[in-house]
Amino acid sequence: QTPVTQAAATKVATLPDAQTVTSVQHWTDQLFSFRVTRPASLRFRSGEFVMIGLMGDPDPKTGKQKPLLRAYSIASPAWDDELEFYSIKVQDGPLTSRLQHIQPGDQIILRPKPVGTLVHDALLPGKRLWLFATGTGFAPFASLLREPETYEKFDQIIMTHTCRDVAELEYGRRLIAGLESDPLIGEMVDGKVVYYPTTTREQSPKMGRITTLLQDGTVFADLGLDGIAADTDRAMVCGSLGFNKDIKEILEGFGLEEGANSDPKHYVVEKAFVG
Ligand code: A2P
């Protein structure tokens, strides 16, 4: 072995829970997605999140390196043999300032302990599933939209995504555009998905926060629905803290109650994690 490959082998051996990056796609100067190898033993439910990250810089005093980890929703479905993640790039963010530079072949740390509430187990059966996201809160729904159980359990899935600009919708728009031609789930999708993208700071066909559009009835008028009802409608919410709070209030106003893994009800909420 040359000294270089020896050093590389040492690095690999000391990185805990290492997984290898297989592809990276940059969507805007603030958003990117990437795929990594999946640990053979990792089981998860579509919609859950894991801790991922990189090794931090050596401590100036001790020289020791600690892993720098953040919660990331898995954006790929449970059946996929790789794992996908959708991330913001924060220029001075401890993790994402570095993570945004990963390339295929690089390694990341992935703690194989999936958890989360945006799972089918936390919802009672229903007819219509609302998925409400802002920004990178789309990630867990990228998983659930490719999950067969979503289509087995619901007749209609309404995916709303609110972003500041049109370019920020692109990851979700492409994913939804590809659902019906997906060889594994295409047939199940069968026209069940309604996509409702909105922007708040750049002109697009549908402007405004989804919260406002729900409160003033625009969403229901656009989709030909009477409203949201606890006996038929279920919802999953993933966005900023303020967004989650506002949507919760709206859903509770329609009589929906928040569920959990141990106590399935009408809707569930998870914060979109920011690097
Ligand atoms: P807005 O531009 O009106 O703030 P952010 O990038 O700040 O996380 O926001 C992502 C998107 O979510 C933006 O379009 C933003 O709209 C929207 N948003 C932020 N907070 C809320 C909220 N409390 N309710 C509804 N939409 C929100």
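**Domains, core, ligand shell and loops**

Q: Which domains does the domain assignment give for the protein chain?
A: The model is predicted. The C-alpha centres of the two domains, domain 1 and domain 2, lie 27 Å apart. The assignment gives them as domain 1 (3–115) and domain 2 (120–271).

Q: Which element gives the largest share of the side of domain 1 that touches domain 2?
A: The contact takes 17 residues from domain 1 and 15 residues from domain 2. On the side of domain 1, two or more residues come from each of strand E1 (18–28), strand E2 (31–37) and strand E5 (82–88). The largest share, three residues, is that of E5.

Q: How do the residues of the side of domain 1 that touches domain 2 divide into nonpolar, polar and charged?
A: This side of domain 1 has 17 residues in the contact. They divide into nine nonpolar, seven polar and one charged.

Q: Which residues does phenylalanine 141 touch, not counting residues up to four places away in sequence?
A: Phe141 is one of the residues with the most contacts inside the largest nonpolar core, and Leu131 is another. With sequence neighbours up to four places away left out, phenylalanine 141 touches Leu131, Ala133, Met159 and Cys238.

Q: Why is strand E3 largely enclosed by the rest of the structure?
A: E3 pairs with strand E4 (residues 67–73) in the antiparallel sense over seven bridges, and with E6 in the antiparallel sense over four bridges. A residue counts as buried if 20 or more other C-beta atoms lie within 10 Å of its own. Strand E3 (residues 49–55) is largely enclosed because the buried residues among its seven number five.

Q: Which residue in E6 stands opposite methionine 51?
A: E3 and E6 form an antiparallel pair over four bridges. On the pairing of E3 with E4, leucine 54 stands opposite leucine 68 in E4. The residue in E6 that stands opposite methionine 51 is arginine 111.

Q: In E11, which residue is the bridge partner of glycine 239?
A: Strand E11 (residues 267–271) is mostly covered, with four of its five residues buried. It runs parallel to strand E10 (residues 233–239), and five bridges join the two. The partner of glycine 239 in E11 is lysine 271.

Q: Which helix gives the largest share of the shell around the ligand?
A: There are 13 residues around the ligand, and Thr134, Thr200, Arg209, Gly242 and Phe243 come nearest. Strand E8 (156–163) and helix H9 (241–253) are the elements that give two or more residues to this shell. The largest share, three residues, comes from H9.

Q: How many residues of the shell around the ligand are nonpolar, polar and charged?
A: The shell is made up of 13 residues. By class, they are two nonpolar, seven polar and four charged.

Q: Is aspartate 190 buried or exposed?
A: Aspartate 190 lies in the loop between helix H6 (186–189) and strand E9 (193–199). Its phi is near 40 degrees, a positive value in a residue other than glycine, whereas most residues other than glycine have a negative phi. Within 10 Å there are 11 other C-beta atoms, so aspartate 190 is exposed.

Q: What distance separates the C-alpha atoms of proline 104 and threonine 22?
A: Proline 104 lies in the loop between H2 and E6 and is exposed, with 12 other C-beta atoms within 10 Å. Leaving aside neighbours within four places in sequence, proline 104 is in contact with Val21, Thr22, Ser23 and Val24. Proline 104 and threonine 22 are 82 residues apart along the chain, and their C-alpha atoms are separated by 4.7 Å.

Q: How far apart in space are histidine 101 and isoleucine 228, C-alpha to C-alpha?
A: Histidine 101 is in the loop between helix H2 (96–99) and strand E6 (107–115). This histidine is exposed, because 12 other C-beta atoms lie within 10 Å. Histidine 101 and isoleucine 228 are 127 residues apart in sequence, and their C-alpha distance is 43 Å.

Terms used
Residues are numbered from 1 along each chain as its sequence is written. This is a predicted model: local features need pLDDT of at least 70, side-chain atom pairs count only at pLDDT 80 or more; totals for chains, interfaces and linings use all residues. A residue is near a molecule or strand if its C-beta atom, placed from the backbone, lies within 6 Å of it. Ala, Val, Leu, Ile, Met, Phe, Trp, Tyr, Cys and Pro count as nonpolar, Asp, Glu, Lys and Arg as charged, and the others, Gly among them, as polar. A nonpolar core is a set of buried Ala, Val, Leu, Ile, Met, Phe, Trp, Tyr and Cys residues joined through C-beta atoms within 7 Å. Two residues are in contact if their C-beta atoms, placed from the backbone, lie within 7 Å. Domain bounds come from an automatic or database domain assignment. Two strands pair if DSSP finds at least two bridges between them.
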